[in-house]
Amino acid sequence: MKRMLVLGGCIIVSAAVFSMDQIQNYMQFGNTIELSSGKVRLGKVYRETLTSSYEVTFNDDEGPSTAVNANTKELYSSAYDDLVSMIEKINKQKEKNKEDPLSIESVTWVKDAKIRLVTKVTYQSEFQPAFVLTIDQTTIEHDADIENAKNISEYLTDLKSYSKKMVSTYEQRNSFIK
């Protein structure tokens with residue numbers, strides 16, 4: 001009778017170990033990203049980092065005049081701090097020239113510009129040590145010649161909703177760590 005119990009226990013433990021191996025194997029193959037060029041197998045995902053960039057390029061310029069890279073949740077505050085720093089530098093010069101200072105709410109662009117927003121997820125995983133997936137690329141055109149054109153602070157305020165949308169998209173579609 002004891003032998004039957006020991007044998008039964010061994011069979012149950014063996015089945016459990018075999019099943020765990022199969023479940024783990026399925027999970028490793030389950031963490032894949034489908035791209036237009038094929039699938040990327042990540043395996044076990046150790047870390048995910050969601051970042052966004054905000055670039056403003058004036059139509060006459062070759063490169064961006066403002067560029068901010070930050071954690072997506074902190075994109076607005078990073079861009080806002082960058083603008084405040086820029087205005088402070090301009091106001092120091094205006095103070096020397098005895099001109100009225102600028103405020104964040106009143107600053108506008110007088111030239112046409114392109115605002116480029118890019119959001120990426122960087123995965124550190126078993127099979128891909130640093131795989132970067134772009135989940136959004138948005139370009140906004142600023143037309144300086146139209147009446148009631150948005151000022152810079154309005155564009156920055158739009159970053160709050162953009163960030164929330166990208167975090168939601170990431171959590172629903174692109175996160176393997178729950």
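The legends below describe close-up views of one predicted model, beginning with the whole chain and moving on to its parts.

In this predicted model, local features need pLDDT of at least 70 and side-chain atom pairs count only at pLDDT 80 or more, whereas totals for chains, interfaces and linings use all residues. Residues are numbered from 1 along each chain as its sequence is written, and side-chain values use heavy atoms, with hydrogens and water left out.

**View 1. The protein chain holds three helices and six strands.** Helices (H or I, at least four residues) and strands (E, at least two) are DSSP runs, numbered from the N terminus. Read from the N terminus, the elements follow the order α-β-β-β-β-α-β-β-α. Of the 178 residues in the protein chain, 31% are buried, where buried means under 20% relative accessible area, exposed over 50%, and partly exposed in between (1.4 Å probe, protein chains only). The accessible surface of the protein chain is about 12400 Å², with 52% of it belonging to carbon and sulfur atoms; these areas come from the Shrake-Rupley method with a 1.4 Å probe, and for residues only the protein chains shown count as cover.

**View 2. Strand 1 and strand 2 form a hairpin with two residues between them.** Strand 1 (residues 32–35) and strand 2 (residues 38–41) run antiparallel and are joined by four bridges; two strands pair if DSSP finds at least two bridges between them. Glu 34 has Lys 39 in strand 2 as its bridge partner.

**View 3. Four strands make an open sheet in the order 4-3-5-6, with antiparallel pairing.** Strand 4 (66–71) and strand 6 (131–142) stand at the edges, and because each has a single partner strand, one side of each is left without a neighbour in the sheet. From one strand to the next, the twist averages 15 degrees, taken from axes that are lines fitted to C-alpha atoms (for helices over the stretch in contact), with angles running from 0 to 180 degrees between N-to-C directions. Strand 3 (residues 45–58) pairs with strand 4 in the antiparallel sense over six bridges, and Glu 55 stands opposite Ala 67 in strand 4. Helix 2 (residues 75–96) packs on the sheet and touches strand 3 and strand 4, its direction making about 145 degrees with that of strand 4; contact here means heavy atoms within 4.5 Å. Helix 3 (residues 152–174) also packs on the sheet, where it touches strand 3, strand 5 (113–125) and strand 6, and its direction makes about 150 degrees with that of strand 6.

**View 4. The buried residues of helix 2 are Leu 75, Ala 79, Leu 83, Ile 87, Asn 91 and Lys 94.** These residues lie on the same side of helix 2, because they cover an arc of only 120 degrees around the axis, the arc being that of the directions from the helix axis to the C-beta atoms. Their cover includes strand 3, strand 4 and helix 3, while Lys 89, Lys 92, Glu 95 and Lys 96 are exposed on the other side of helix 2.

**View 5. Lys 98 and Asn 148 each lie in a loop.** Lys 98, in the loop between helix 2 and strand 5, has a phi near 55 degrees, a positive value in a residue other than glycine, and with 77% relative accessibility it counts as exposed. Asn 148, in the loop between strand 6 and helix 3, has a positive phi near 60 degrees and is exposed, with a relative accessible area of 72%.
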